[in-house]
Amino acid sequence: MATVREREVALADKEELISGSEAIAVACKLADVDVITAYPIRPYDTVMQYVAKLVANGEMDCEYIVAESEHSQFEIVKHASAVGARVFVGSSGVGWMYAFEALTVTPALRIPMVAMVGNRALDDPGAFGVEHNDALAVRDLGWMLVWVDTAQEALDVALLAWRIAEDRRVFLPCAIGCDGAFLTHSQSLVKIPAQEKVNEFLPRYNRGDLTLHPDNPITVAPQANEDWVMEIRKQNDAAMRRAPGVIREAYADLERIFGRRYGNPFFEEYETDDAEVVLFGMGTMSMPVKVAIRKMRKEGKKVGFVRLRWFRPFPTELIQATLSRFQAVGVVDRDYSFGSPYFSGVLANEVRTALYGAERRPPVVGFISGLGGREVTVPNVRGMTDMLFRAASGERLTDTYWIGLRE
Amino acid sequence: MDRSYAVEIVYRGIFQKTLAKHISRGLVLAAAKEGKTGISFGRYGDSPERNGIPAKNFAIIAPDEETLEESMSQYEPKRVDVTVSVDDTLCKGVESWAWYGLQPINRLLNPGGKLVVTSMLGFDDLFKMIHTKDVPYELAIVRGIPSFSGLWVYKDDHTDVRILGTIARLVPEMLSLKAVEAAILEEWKDELKMLSARKAYERVESVVVPPGEGNAETPYEFTLPGWKEMPEGVTIQSIQMGGAIVDPETGTLGGYRPAVNPYFKKFSTRTMRPVVDFDTCIKCTLCWLQCPDSCFDVTPDGLYDARMESCCGCGVCEAVCPVDNCVVMVNEAEFTDNASQWEMWKADKAGYKAWVAEKIQHRPERSHGFRLRGLYQEQIKAMAAVGITKSGEEKVGGEDTTEASAGGS
Ligand code: SF4
Ligand code: SF4
């Protein structure tokens, strides 16, 4: 029998100085992942290096396979997951795109693959900095997509991702968007939950009737014609529709077991209670935005920020209810969608679509900023906010505005 | 502490990457011991896997999370309280992989900021390299050769903790020695390392540098073009052809000097440079053929002159030259400009011969590619024996050697 003191020690969180990538590697260890495949590309490669180190040091026991390309990398974990292994994989930028065929086949097979996408600008030009277009490329395919802001959130969301993806009601792959550099390469103090707590939070992956095994003879992925495809797509749609409920349950358990509160799982609201205008975005841009908001609030400007976490499933009703409270919404895209409505970014048009069904529709101003890893600065945020106040007082700002661009 | 503090660690790519990380981590861990918070990161635009490339790590220390966010809202700090340079040749300025011209080593320092350099040189030698600044700052020397600690088989030489101890002394409001010691014991579990930090704290050598002291050269700079001025299709116009050069002796026009990129020169990657003896050169062309950066100008008299603005100091020319002592790599700190050696030789052949003899006498001292891998105490002894160190001779043979070698056994 463990003494009370021993139990306390076992349940105590440890604080460590680690990067977002290391945090995800630590989550892999805590989740006791069975199969991990790797293929180097910056910034994702930092995760594979940390995992390799954990394995080499004997701290972690898993099949660690370095594939010969990203395509095989994602195919291998797909198959491993089909036989019942918990898997982890990841990539960045054009590496993720090289795996694209494997990415498209995964959701239909209902494979709960967890992938880290170290967000990186798509070539060309070859650049390491963050853009979200890599991960966003799978937005229509049945992948769940979540963006994180801090190393702590990266660790927590990785654990949440297995819990949600491996839930029999969902069984969909989940990609975690991690901004290159700002998250992957900065070390900050992170609370590492005790193994016992993780065990309580994260049950073993049980593929049940879908397990590919000689004791459970099944065929996976036969060719199908027009008699079948639509129904298969509808099954995926139904799984995605069930995901929000499972996400809520998982966050509630995370709070109960780890004692860390994220509130609404789908997005974070910052200084929105009395805000007249809000900015809306994903990932690590929240830091300069929050700093700018604190400064502007001191000057009496009622500005808030909504940071979207879960892009898929998109929290439509919640977004409607929240964003209709404001006089104007500025969506900051760290991505682009050339030729799209208003020539705006992906996020801005998602928000416009969601708001179209709302009774009160505030003007949405589209911004593009921070491409290729450029900083979104405090003055940038001030500039965007000034435009939002103009939109709130009736000026029509329907173009998409590139902020921080060298003219 | 009522504000945040920023520290940059400037290092040589790949060789000192782990060392730089240890220093910035150590700073944050020590701050955490005093209830502060912090973040440690590398400048992402750098490509620190390239040999010798100047790269940076940063540590931001703040009293609380909110103040930390405030300082972090700029990814690379525009101002720092402390600059650490773990290789004295970096004092000539750094040109990162991300282009911005040549950045003086002290450019980001706040007024009254601290510049900490690991070096065997004296203050006066460092001032020949370090650019002037229009506000005063403090320069501290941590005695030692450029450390490779943490790289592959290189042993720990305590450079990391000696720098932590030095910073604790210079900026006590950011970090106390107690906190540094506690963090060292926790992170490295090594009492000797803790003692090295303490000794470094006790022995800080520093001077306040008045405005205007240092190298008066204006570093090259340029502004980036706007999107409408840039060629479309991710295209770069190639550099124009070069041309023949005039022989200063005979006035004949001949040879070939290629034109070079005015925006990215690369010489700040260099920790050693080739010294060419034109009297013994047999004009075999090997250096010219093999130089990976096409640095060699072909002179009208058929010789090969390494253009110092472009040379990254890789040492290939020395390796391929078939003549003994005809191309010799020499520590970059021995030089104060990028002048043409061939022009020097043309102007005064006897003087040049003496100059070459003087420069290469300590061969093969190198600031990367040590002969005595991992054995710093041996290296320092060897260097002291041939009189390489221009100052602090007694320190080299005495206390500091013990300190530097404490972890090397
Ligand atoms: S050291 Fe020699 S080979 Fe290397 S870049 Fe310089 S001139 Fe060229
Ligand atoms: S390799 Fe040596 S001998 Fe040959 S051309 Fe160059 S300097 Fe002269």
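Gln103(B) lies in the loop of chain B that runs between β4 (80-85) and β5 (109-119). The model described here is predicted.

**Gln103(B)**

- With a relative accessible area of 8%, Gln103(B) is buried, because buried means under 20% relative accessible area.
- The side chain of Gln103(B) forms a polar contact of 2.5 Å with the side chain of Lys56(B).
- When neighbours within four places in sequence are left aside, the contacts of Gln103(B) are Lys56(B), Gly93(B), Val94(B) and Leu108(B).

**Asp297(B)**

- Asp297(B) belongs to strand β11 (residues 296-298) of chain B.
- Asp297(B) has a relative accessible area of 3% and is therefore buried.
- A polar contact of 2.4 Å joins the side chain of Asp297(B) to the side chain of Arg307(B).
- Apart from neighbours within four places in sequence, the residues in contact with Asp297(B) include Ile245(B), Tyr256(B), Arg257(B) and Pro258(B), as well as Leu303(B), Tyr304(B) and Asp305(B).
- Between Asp297(B) and Gly243(B) there are 10.0 Å in space, C-alpha to C-alpha, and the two are 54 residues apart in sequence.

**Surroundings of ligand 1**

- Ligand 1 is surrounded by 14 residues, of which the closest are Cys291(B), Cys311(B), Cys314(B), Gly315(B) and Cys317(B).
- This shell consists of twelve nonpolar and two polar residues, with no charged residue.

**Domains of chain A**

- Chain A is divided into domain 1, covering residues 10-258, and domain 2, covering residues 267-403.
- The centres of these two domains of chain A, taken over C-alpha atoms, are separated by 28 Å.
- Contacts between the two domains of chain A involve 29 residues of domain 1 and 24 residues of domain 2.

**Nonpolar cores**

- The largest nonpolar core contains 108 residues, and among those with the most contacts inside it are Phe88(A), Met144(A), Trp162(A) and Phe311(A).
- Helix α8 (residues 151-165) of chain A supplies the largest share of this core, namely eleven residues.
- Domain 1 (10-258) and domain 2 (267-403) of chain A each contribute at least three residues to this core.
- A second, separate core has 38 residues, including Ala55(B), Val82(B), Val116(B) and Met194(B).
- Not counting residues up to four places away in sequence, Phe311(A) touches Leu136(A), Arg139(A), Leu145(A), Trp147(A), Met282(A), Val346(A), Leu347(A) and Glu350(A).

Note on methods: Residues are numbered from 1 along each chain as its sequence is written. Chains are lettered from A and ligands numbered from 1 in the order in which they are written. This is a predicted model: local features need pLDDT of at least 70, side-chain atom pairs count only at pLDDT 80 or more; totals for chains, interfaces and linings use all residues. Side-chain values use heavy atoms; hydrogens and water are left out. A residue is near a molecule or strand if one of its heavy atoms lies within 4 Å of it. Ala, Val, Leu, Ile, Met, Phe, Trp, Tyr, Cys and Pro count as nonpolar, Asp, Glu, Lys and Arg as charged, and the others, Gly among them, as polar. Helices (H or I, at least four residues) and strands (E, at least two) are DSSP runs, numbered from the N terminus. Buried means under 20% relative accessible area, exposed over 50%, partly exposed in between (1.4 Å probe, protein chains only). Contact means heavy atoms within 4.5 Å. A polar contact is a pair of N or O atoms within 3.5 Å; within protein, one must be able to donate a hydrogen and the other to accept it, and residues adjacent in sequence count only if both atoms are side-chain atoms. A nonpolar core is a set of buried Ala, Val, Leu, Ile, Met, Phe, Trp, Tyr and Cys residues joined through side-chain atoms within 4.5 Å. Domain bounds come from an automatic or database domain assignment.
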